[in-house]
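Hi everyone, thanks for coming. Let me put it on the screen.

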Amino acid sequence: MKIIFWGTRGSIPTPGKWTNIFGGNTTCVQIILKNGKTLIIDAGTGIRLLGNYLAKREFQKDIVVLLTHSHWDHIQGFPFFGPAYDPKQNIIIKGFSSSFSILKDIFTNQMLTAYFPINFSDLKAHFKFEELSFGVDHTFGLTIEVIQNVHPGGSIGLKIIEDDKIFTFLTDCELEPVIKNQTMWNDLLKFCKDSDILVVDGQYLPEELGKFDGWGHSTYEQDCKLAIESGSKKLLMTHHDPRRNDVGIFQLEERAKAFMKSQNSSIKVRAAKEQVVYNV
Ligand SMILES: [Zn+2]
Ligand SMILES: [Zn+2]
């Protein structure tokens with residue numbers, strides 16, 4: 001698998017020269033499988049550019065979008081996703097219903113006339129909405145597992161296995177909620193075990209936690225602990241805080257590297273950058 005982040009930012013887009021390096025689009029991740037097919041996680045503003053990218057590649061009739069949850073920063077790019085306007089295109093959106101009212105309504109409502117000039121029913125692609133249960137999903141012949149995250153309104157983590165490679169994606173997840181939950185931590189360790197690439201929400205610094213308890217995000221230090229204890233090989237932090245510019249994210253990354261060193265860990269840790277290819 002190859003992974004490309006088309007959006008690394010949490011909460012709200014942050015365009016501008018201060019965020020060029022790590023990126024200012026909200027969450028959207030492309031997974032390129034070994035047969036060349038693309039699988040998408042989330043439809044933040046980054047999905048607009050991913051749509052442009054796909055238009056220049058070999059046509060893929062079935063596009064699958066796995067949705068972690070329906071917060072604005074994970075769906076707001078969808079009305080600008082080019083393939084949604086192509087009558088030859090099938091788009092399958094898979095989500096978990098406890099995170100949503102009704103999956104289709106989320107997409108329909110954000111395109112109501114009050115918000116957008118084109119209604120969902122005017123889109124030309126053929127749509128299907130499917131439940132992602134806690135069992136195992138086999139989209140494109142993969143093994144996809146799901147875990148429930150601690151996040152206001154709900155969110156899911158995803159583990160995608162292709163042959164012997166494991167890619168785990170856990171954003172919008174409060175790894176250590178105020179009321180500590182050892183069972184949850186143990187479940188997360190099991191879920192992330194031996195990941196080749198582990199992507200975790202690293203929105204906060206440890207000293208910011210008190211202020212943001214209950215907001216549903218995590219710190220680089222918690223991410224590092226999860227990577228170490230789960231035996232993961234590489235850690236990428238994402239969902240960058242909109243208050244943090246490139247310099248701030250570099251500093252967060254340096255602190256994460258220093259923390260790994262202090263734990264005698266050789267796990268590679270990086271803050272995710274948009275449009276960089278990461279090999280799983
Ligand atoms: Zn988010
Ligand atoms: Zn969220």
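Okay, so what you see is a predicted model. Let's begin with overall size. A compact globule of 280 residues would have a radius of gyration near 19 Å, and this chain has 18 Å, so the two agree. If you'd rather think in boxes, the C-alpha atoms fill one of roughly 55 × 40 × 35 Å along the principal axes.

How much of the chain counts as buried? That's 46% of the 280 residues. And look at who touches whom: take the contacts with a separation of 6 or more, and 68% of them are between residues 24 or more positions apart.

Now, what is the chain built from? The secondary structure comes to 5 helices and 13 strands.

Let's zoom in on two of those helices. A bit of background: a packed pair is described by the angle between the axes and the distance between the axes. Here we have α4, residues 220-230, and α5, residues 246-262. Their axes come within 9 Å and cross at roughly 40 degrees. Parallel or oblique, then? Angles under 35 degrees would count as roughly parallel, and this pair is therefore oblique. The crossing is right-handed, by the way.

Which residues make the contact? On the α4 side, find Tyr220, Glu221 and Cys224; on the α5 side, Leu252, Arg255, Ala256, Phe259 and Met260. Sort the residues of that contact by type and you get 6 nonpolar, 2 charged and no polar.

That's my tour, so over to you for questions.

Methods. Residues numbered from 1 in each chain as written. Chains lettered and ligands numbered in written order. Predicted model: local features only at pLDDT ≥ 70, side-chain atom pairs only at ≥ 80, totals over all residues. Axes fitted to C-alpha atoms, helices over the stretch in contact; angles between N-to-C directions. Helix = DSSP H or I, 4+ residues; strand = E, 2+ residues; numbered from the N terminus. Parallel < 35°, antiparallel > 145°, perpendicular 65-115°, else oblique. Left-handed = near helix turned anticlockwise from the far one by under 90°. Contact = placed C-beta atoms within 7 Å. Nonpolar A, V, L, I, M, F, W, Y, C, P; charged D, E, K, R; others polar. Rg over C-alpha atoms; globule rule 2.2 N^0.38 Å. Buried ≥ 20, exposed ≤ 12 C-beta atoms within 10 Å, placed from the backbone.
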